[in-house]
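This briefing walks through the secondary-structure packing, the sheets and the chain-to-chain contact of one model. Please keep the sequence and the structure in view while reading.

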Amino acid sequence: MYRYDEFDAAFVRDRVAQFSAQVQRRLAGALTEDEFKPLRLQNGVYLQLHAYMLRIAIPYGTLSARQLRQLALIGERFDRSYGHFTTRQNLQFNWIQLKDVPEILSLLADVEMHAIQTSGNCIRNVTADQFAGVAADEIEDPRPVAELIRQWSTAHPEFSFLPRKFKIAVTGAAEDRAAVAVHDIGLRIVRHPETGETGYAVLVGGGLGRTPMVGKWVREFLPKPHLLAYLEALMRVYNAEGRRDNKYKARVKILVHEIGIEAFRARVEAEFARLDPSRIQADAEEVARIARYFAAPAYADLPDNPPAFRRARAANPEFDRWAAQNGFPHKVPGYQAVTLSLKGIGEAPGDISSAGMRLVADLADRYSFGEIRVTHAQNLVLPDVRQDELFDLWQALAAGGLATANAGLITDIIACPGLDYCALATARSIPIAQALARRFASPERQQEIGPLAIKISGCINACGHHHVGHIGILGLEKRGEESYQITLGGDAGNASAIGEILGPGLGAEDVPDAIERLVAVYLAHRQPGELFVESVRRLGIEPFKTAFNAEIHHDAA
Amino acid sequence: MTLLDRHGFRPDPFRRLPASEIAGHPAVIVPLADVQAGLLVRASGQRIGIDIANTLPAEDAVPLANQVDLIAIAFPGFADGRGFTLARRLRRNGFRGILRAVGPLIPDQFAYAMACGFDEVELPDAVATRQGEAAWLADLAIYSTSYQRDYARGQNILDARREARQGGGA
């Protein structure tokens, strides 16, 4: 993984010093609260309902064991001994004191981490496929370009006071696991159909929030040496023309929607035509320098699916279920990537204790070349585990409560922090996720239902990605009561789609029954091998709507 | 209003006047609507600047850019970053005169403003007093390096790495 050189290290140290001075100037009154706010946000510091929250960047979701141990330490020393992984592959500490932030940032800098641009109206932390570098369906590892964009976008002089936040995601695989179509910019590494050269297909104007939109193609093929100049051109058009009169209409998706993708493309191309990419892009040697950090580890030459692995699976059905459900095919024979679920039944999605972090760090050192990935579904991944060591790993994880075999299943629920923490929330998210997980706790039943993504947001800002949940749940407030709106048929992957609303809002206690009714329609009508979301696409929303509304017509809601 | 450049606070040589009143003043800023009238009566050696909104398309400002000595771009609020892009576009189009940011910027934007091509900042007096000169100069000093190429800033990291590779053979 990427390691800071002396320039990166000096930059992050300078940033800590700068933020410390900004805090002092705020306390002295030289900066007003309004002036200080974007500065603290661009350093990851939010004011939540009960305390300050610090959001730490985990660029493209890649962490070392050493970094994870430092996060565990920070959690113990400055928070309540746990942290929360977010849908943007970051980590949040929810009980921080403002006075401690400079010291925490300094501890992060010690392990080549920071909280830069994890919030605010700037280019945010770049996200990527959690299986980058190991996925069998990958054209190219997206991490080097994600790192290049991280550096280019850091403290950008022109783009640090944008109309609104700006999120970029990258994938290099055939299957989109980074939800690139619901980002302000989505980059897909593609092969040119004629030359075979790899470059980028660029999507723009995707996003969730109160106006969910799927991104549109702005450039089908961008040669690699043009990337940063093209991004500069696109950001310039947005910075100049994005709306600033209404924060809810300020994202680039609204600009694209209002002027149309053709006009937007024409403006970006006109701007791009005036730039000299060679003056903006990193030179080939620098690109190669970054890429070398992501070279594959020293894999052993192993047989695939070795006898010891097969025997362990045959002898232990629980291990077998976990290996099947949480395993992900690795491009190297004899290895497996594996998801460590942070969705234990009844737990808060994405939360992990400091002790849990240390366990994962130790196991990463022992079994996965010291590397950990964070997924946008709020789980962790060990990317490089030998199949013949998977059983040992599973036993160690099980002892620490981290071996829940539900990756991608109905209890692998994405949920934002919601009204339990967040100042913006209109309803609770975590208790809904917990209630649903308990309802569908039976492993056999989860297996029978198969892959099904439930995503829960506690307000219209959609941090829980409910629009792209196969089943989406949006918590609102109606006359002082929490009310949950259910959507169906969203998809964050290749067939990206925004879910449709099924009917009137429900009270929290009615949500599990309603989800049961939707699942029952699927189980009754599915064809062999058909996934939930595929059945929804084939059957349409109507049969689900009918079942959903069957028992709530007499409710007050 | 208080004027500031990379050396600190300094007196403003420019006065804001309508075109009809500029005679006898060595350096004036006229409203955009007045610029043609101002240029018509401009005395030899007299410096003329214009005030423009940050929403003015760069193409509309370009024809004027070769005729004026100063362009002052308004920042209605410090969080409105359009002025950074407009400054970049004017510089790219060859404007070599003085670029001034006008409005309640904060010291933490000073290095960004300079990197985008501004030369100076004109602040409301109350803002200048509250924030103080030292904070502005500190912002210029805090980063020895930056990650973006092609901005008017000190050393950028990408080129520094290249030099290190070539110089040190690493």
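In this predicted model, helix 3 of chain A, which spans residues 65-78, packs against helix 13 of chain A, which spans residues 354-367, at an angle of about 165° and with their axes 8 Å apart. Because an angle over 145 degrees counts as roughly antiparallel, helix 3 of chain A and helix 13 of chain A are described as roughly antiparallel to each other.

- Helix 3 of chain A passes helix 13 of chain A in a left-handed crossing.
- On the side of helix 3 of chain A, the contact is made by Ala65(A), Leu68(A), Arg69(A), Leu71(A), Ala72(A), Gly75(A) and Glu76(A), while helix 13 of chain A brings Ser354(A), Met357(A), Arg358(A), Val360(A), Ala361(A), Ala364(A) and Asp365(A) to it.
- By class, the residues of this contact between helix 3 and helix 13 of chain A divide into 8 nonpolar, 2 polar and 4 charged.

**The antiparallel sheet of chain A**

- Chain A has an open sheet of 5 strands in the order 3-14-15-12-11, and the pairing in this sheet is antiparallel.
- Its edge strands are strand 3 (62-64) and strand 11 (327-329) of chain A, each of which pairs on one side only, and the twist from one strand to the next averages 35°.
- Strand 3 of chain A is joined to strand 14 of chain A, residues 371-374, by 3 bridges, with the two strands running antiparallel; within this pairing, Ser64(A) has Glu371(A) of strand 14 as its bridge partner.

**The mixed sheet of chain B**

- In chain B, 8 strands form an open sheet in the order 2-1-8-7-6-5-4-3, with mixed pairing, and the edge strands, each pairing on one side only, are strand 2 and strand 3 (15-16) of chain B.
- Strand 1 of chain B (residues 2-5) runs antiparallel to strand 8 of chain B (residues 120-123), and 4 bridges join the two; Leu3(B) is paired here with Glu122(B) of strand 8.
- Strand 1 of chain B is also joined antiparallel, by 3 bridges, to strand 2 of chain B, residues 8-10, where Leu4(B) stands opposite Phe9(B), and strands 1 and 2 of chain B form a hairpin with 2 residues between them.
- Strand 4 (residues 27-31) and strand 5 (residues 47-52) of chain B pair in the parallel sense over 5 bridges; the facing residues include Ile29(B) with Gly49(B) and Val30(B) with Ile50(B).
- A right-handed β-α-β unit is made by strand 4, helix 1 (residues 35-41) and strand 5 of chain B.
- Strand 5 of chain B also runs parallel to strand 6 of chain B (residues 70-74), to which 4 bridges join it, and Asp51(B) stands opposite Ala72(B) in strand 6 of chain B. Between strand 5 and strand 6 of chain B the chain crosses through helix 2 of chain B, residues 58-65, and this β-α-β crossover is right-handed.

**The contact between chain A and chain B**

- In the model, 35 residues of chain A are in contact with 36 residues of chain B.
- On the side of chain A that touches chain B, the elements giving two or more residues are helix 1 (6-28), helix 2 (33-41), helix 5 (143-153), helix 6 (227-241), helix 9 (277-280) and helix 10 (284-292) of chain A, and helix 1 of chain A gives the most, with 9 residues.
- The residues on this side of chain A divide into 17 nonpolar, 7 polar and 11 charged.

**Helix 1 of chain A against helix 6 of chain B**

- Helix 1 of chain A and helix 6 of chain B (residues 133-142) pack at an angle of about 165°, with their axes 11 Å apart, and are therefore roughly antiparallel to each other.
- Helix 1 of chain A passes helix 6 of chain B in a left-handed crossing.
- Here Asp14(A), Ala17(A), Gln18(A), Ala21(A) and Arg25(A) of helix 1 of chain A meet Ala135(B), Ala138(B) and Ile142(B) of helix 6 of chain B, and the residues of this contact divide into 5 nonpolar, 1 polar and 2 charged.

How values were computed
Residues are numbered from 1 along each chain as its sequence is written. Chains are lettered from A and ligands numbered from 1 in the order in which they are written. This is a predicted model: local features need pLDDT of at least 70, side-chain atom pairs count only at pLDDT 80 or more; totals for chains, interfaces and linings use all residues. Axes are lines fitted to C-alpha atoms, for helices over the stretch in contact, and angles run from 0 to 180 degrees between N-to-C directions. Angles under 35 degrees count as roughly parallel, over 145 as roughly antiparallel, 65 to 115 as roughly perpendicular and the rest as oblique. A crossing is left-handed if the near helix is turned anticlockwise from the far one by less than a right angle, and right-handed if clockwise. Two residues are in contact if their C-beta atoms, placed from the backbone, lie within 7 Å. Ala, Val, Leu, Ile, Met, Phe, Trp, Tyr, Cys and Pro count as nonpolar, Asp, Glu, Lys and Arg as charged, and the others, Gly among them, as polar. Two strands pair if DSSP finds at least two bridges between them. A crossover is right-handed if, with the strands pointing away from the viewer, the path from the first strand over the helix to the second runs clockwise.
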